[in-house]
Amino acid sequence: MKTHLRVLAIVVFILVIGCGTASAYSKTNMQSVVIEIDGTPRMVSTDKETVGELLADLDNNIDINYILNGAEESDPIEAMMNISLTSITEKTVAVTKEIPFETIQRPNPKMAIGTQKVVQEGKNGVSSSISKEIYHGKELIETKFVEEKISTPVQNKIVEYGTTGIIHG
């Protein structure tokens, strides 16, 4: 019987030490916080004390730039606190447009008056305008011009006309 009591005492001692050890490692100051990114809420649990500490921790897990709305980074975290973030995104936009050719008239003294000849056919050119659009959430905030590129140059049409007064007939 003494053996059974000793075994029972050892089991109880192990359980007490084990439970005490487990509770020593548990986080008791965890709080649930609602983080809303561009209107989409997400519930997170955190042991951080300030909004700034929580956001620094989130920076390691999410790959977006954002603006903090309606709170300061120094604000303390409170249970069921709502933190609103607006994402900042940049989009590169290329707009292609056609450049019309011009018709150039050139006098030719070797040609008779009233005659003309197309020396070179015209071809329209193509240019691309590249800009950067900056969005806060889904709202376009700013458009910055980056560069204009001509991908296909214009080839003007050249027409020669006669300037000689004698018409052979």
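I shall speak about two groups of strands in turn. Please bear in mind that this is a predicted model.

Let me begin with strand β7, which covers residues 125–136. Strand β4, residues 81–99, runs antiparallel to β7, and 12 bridges join the two. Within this pairing, Ala94 has Ile130 in β7 as its bridge partner.

β7 is also joined to strand β8, residues 139–152, by 11 bridges, and here too the strands run antiparallel. As an example from this pair, the bridge partner of Ser131 is Phe145 in β8. How many residues lie between β7 and β8 in their hairpin? There are 2 residues between them, and Gly137 in the turn has a positive phi of about 65°.

I now come to the open sheet. It has 3 strands in the order β5-β9-β6, and the pairing is mixed. Which strands stand at the edges? They are β5, residues 103–112, and β6, residues 116–120; each has a single partner strand, so one side of each is left without a neighbour in the sheet. On average, neighbouring strands of this sheet are turned by 35° against each other, with direction ignored.

In the case of β6 and strand β9, residues 157–164, the two run antiparallel and are joined by 4 bridges. Here, Gln120 stands opposite Ile158 in β9.

Thank you for your attention.

Notes. Residues numbered from 1 in each chain as written. Predicted model: local features only at pLDDT ≥ 70, side-chain atom pairs only at ≥ 80, totals over all residues. Heavy atoms only, no water. Pairing = 2+ DSSP bridges. Axes fitted to C-alpha atoms, helices over the stretch in contact; angles between N-to-C directions.
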